[in-house]
Number of protein chains: 2
Amino acid sequence: MKNTSGKRHQVVVVGAGFGGLDIVNGLEGAGVDITIIDRRNYHLFQPLLYQVAGASLATSEIAWPIRHLFRNRQDVHTLMAEVQGVDTKARQVFIENGSSVGYDTLVLATGATHAYFGHDEWEPYAPGLKTLEDAATIRGKILSAFEEAECSNDPVARTALQTFVIIGGGPTGVELAGTIAELAKDTLAHDFRSIDPRATRVVLIEAGPRLLAVFPEKLSEYTRRALEKLGVEVALGAPVTECSSEGVVVAGKQLMAKTILWAAGVQASPAARWLSAESDRAGRVIVEPDLTVPGHPEIFVIGDTAASKMPDGTFVPGIAPAAKQQGQYVANLIKRRLKGKSSEEPFRYKHQGNLATIGRSLAVIHMGRVKLCGAIAWWIWKLAHIYFLIGVKNRMSVALSWVWNHSVGYRGSRLIMRPKNQSQQASEPIELNK
Amino acid sequence: MKNTSGKRHQVVVVGAGFGGLDIVNGLEGAGVDITIIDRRNYHLFQPLLYQVAGASLATSEIAWPIRHLFRNRQDVHTLMAEVQGVDTKARQVFIENGSSVGYDTLVLATGATHAYFGHDEWEPYAPGLKTLEDAATIRGKILSAFEEAECSNDPVARTALQTFVIIGGGPTGVELAGTIAELAKDTLAHDFRSIDPRATRVVLIEAGPRLLAVFPEKLSEYTRRALEKLGVEVALGAPVTECSSEGVVVAGKQLMAKTILWAAGVQASPAARWLSAESDRAGRVIVEPDLTVPGHPEIFVIGDTAASKMPDGTFVPGIAPAAKQQGQYVANLIKRRLKGKSSEEPFRYKHQGNLATIGRSLAVIHMGRVKLCGAIAWWIWKLAHIYFLIGVKNRMSVALSWVWNHSVGYRGSRLIMRPKNQSQQASEPIELNK
């Protein structure tokens, strides 16, 4: 398949998340050259990120080098680089070292990051969970809070150190609250001498009227009760108006807490600005029914970066299965175009269901008319996630970690990693004996 | 066992390396209260650190939370804190949050860090390998060099990116050189499109006349040949006189290299300064034959922090088995003293042997009259290290990683982690279409 210059058709995919990978997979054997660009060298299995934050899984158990995934695909060129912009006229993607990559078809699948609803100054106090570094940072914050409490003699400081606030009652907030509660009340229960980890407060704050707003009300209510049984305090209809190093102000009241985690909102990556395209409030590019950018049939935007309206007027949700379906759709569309077929079916999202876990033995599932909760849902969740992991080694490794976590409550990744400047040099000693 | 104030005898151990852990283990049931202080929350299995740097093992596979190891020991209090100094008159250890911990017996087992022989300005260009953060940094540097080479169009820059220099021909230097050569020529061989990883240069530089100076000459020579077979260039009698962002100057000649690793020297931690005690050139506290500090029979210094002279005038080597023997010796000495026994045997080091690996299937072993090299030595090395790892889960996990690495050449931890400031925000886009 050649383009006008006699070269094979050049497809550039930016972002190696679920959508990006499925485009590359879908274009196997299509006779095109593919360049996949990501600022990381790995694909991240984001649905399990909270388990890294909760010290149950190691960072490398949920991440795979992109170029290793495509090592047998001679048609795929992997570049680790930060994209700086796109020249849509010259059809060039600019990368950080000053060079550029030309395309015939461009797909932007660059995902999303946290949003603080106009309160970016909260970020240092309330980190969000989107990257592997975020997960390692949050893991370190949680574990350090217990360590500092153990070293402290001040009961007020200890209480603040043993209070964990999670803002946002979606799946990530529910999963973080459950895993921290179990960490405190089970994994760490007997590891301290001066403090009692079981006295830890975990507070899950949601501004809306219920948890897991996309699930049926019955499952939201089940989730709230299940979390409360794990010892989590759930505050509903409770907007946060202040985050600081001291804690949060929620529903007008100050709550002292040294650890605040943000699971409340997302913001699309800057793809819309690269294209000077129209975007919605969350920064997502408003795409045509075939996921192209208006006026640019050669540019697709998919996944969390795209605002794709469904026939009922709502938008395709920002979840992994939606990104995968969009990736597969775009791969097929590119192949049809290359074969000269003109009729294009619009993208149709098939909702397969929603899943969320509550701690290490319960889950809720909503698939069409099926509503499941409890241990059976949890087994389905585990098996589904093991299935979607990439590679036999990782499946065995994650299964081993889960068996250990579930049977003996052991969490294998309880590491507090320090940034370079803290870790390298011992501080100057106080010379008391001179 | 009570001290003069009616409390149980208070033992404070600073440092949870091999020596520190063995003291705590040896004091089980001795009727004393133990406080173990470390600035990390984990014990690190340092002999396998180079495998984390080489992306074969995950960080959490070689580190265990200290307080988890002692969760069933009610006599052990674990504190994660940086020690600021020691008041030897008031018998107090000062920690970072301003509080202090009193002791009747103090053991300093705080290890060592890299030394640049008066060239501390080389550190940013030639990082050493002592901590888990060091290993993650080196892993990121190595993998990033290949990624940058793949993005570059400049052949001179590519050559420098594909040149790796390791300074220091001891076990760590040999292990790093072997693992990088195999990474380039095997693991990564088919993963790139613009560069050929097999064209990578790995240069191991040693100022002395041979590699592995503590081994018999025959094994040094075997190691050199085995490394050269893996594609490593070995430069002996070659002192480095300059390290910079461009590369090194070795034996008067400039060698362009973007990645330089330091495996040449160590410097003891500041324990001598805390005590205002006499130290040797490497900063190690000069200890009595019973490992106490002169004039302070209640203070022991062990492991890499101590200069402990043997009857033949040489010093106990800075290796894990020596630290473990010293830890066991000090634990027994404390128990004898508490029982009122006065005669003290001096510490006698029993040298059990030296081991080093060369890549993933060869090793050299020297134990008394036994000199082994090749695949048999490698099997002994692997089994010994699996045996000394802590916990069934970690043994299974490391074994699984090694089986995968050995059979399919897969390295599961090829992650480039970025520091927070680089990772969090996308850089400002160039708006080309306005």
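Two residues are in contact if their C-beta atoms, placed from the backbone, lie within 7 Å. This is a predicted model, in which local features need pLDDT of at least 70, side-chain atom pairs count only at pLDDT 80 or more, and totals for chains, interfaces and linings use all residues. Residues are numbered from 1 along each chain as its sequence is written, while chains are lettered from A and ligands numbered from 1 in the order in which they are written.

**Chains**
- Chain A superposes on chain B by a rotation of 180 degrees with 0.0 Å of shift along its axis (RMSD 0.0 Å), by least squares on the C-alpha atoms of residues with pLDDT of at least 70 in both.
- That is the relation of a two-fold axis.
- The same surface serves both copies, as 100% of the contact residues of chain A recur in chain B.

**Helix α1 of chain A**
- Helices (H or I, at least four residues) and strands (E, at least two) are DSSP runs, numbered from the N terminus.
- In helix α1 (residues 18–26) of chain A, seven of nine residues are buried, meaning that 20 or more other C-beta atoms, placed from the backbone, lie within 10 Å of a residue's own.
- Among these buried residues are Phe18(A), Leu21(A) and Val24(A).
- Their cover includes β1 (10–14), β2 (33–38) and α9 (320–338) of chain A.

**A sheet in chain B**
- Strands β23, β24 and β25 of chain B form, in that order, an open antiparallel sheet; two strands pair if DSSP finds at least two bridges between them.
- The edge strands are β23 (354–358) and β25 (370–374) of chain B.
- Five bridges join β24 (residues 362–367) of chain B to β25(B).
- His366(B) has Lys371(B) in β25(B) as its bridge partner.

Technical notes
Buried ≥ 20, exposed ≤ 12 C-beta atoms within 10 Å, placed from the backbone.
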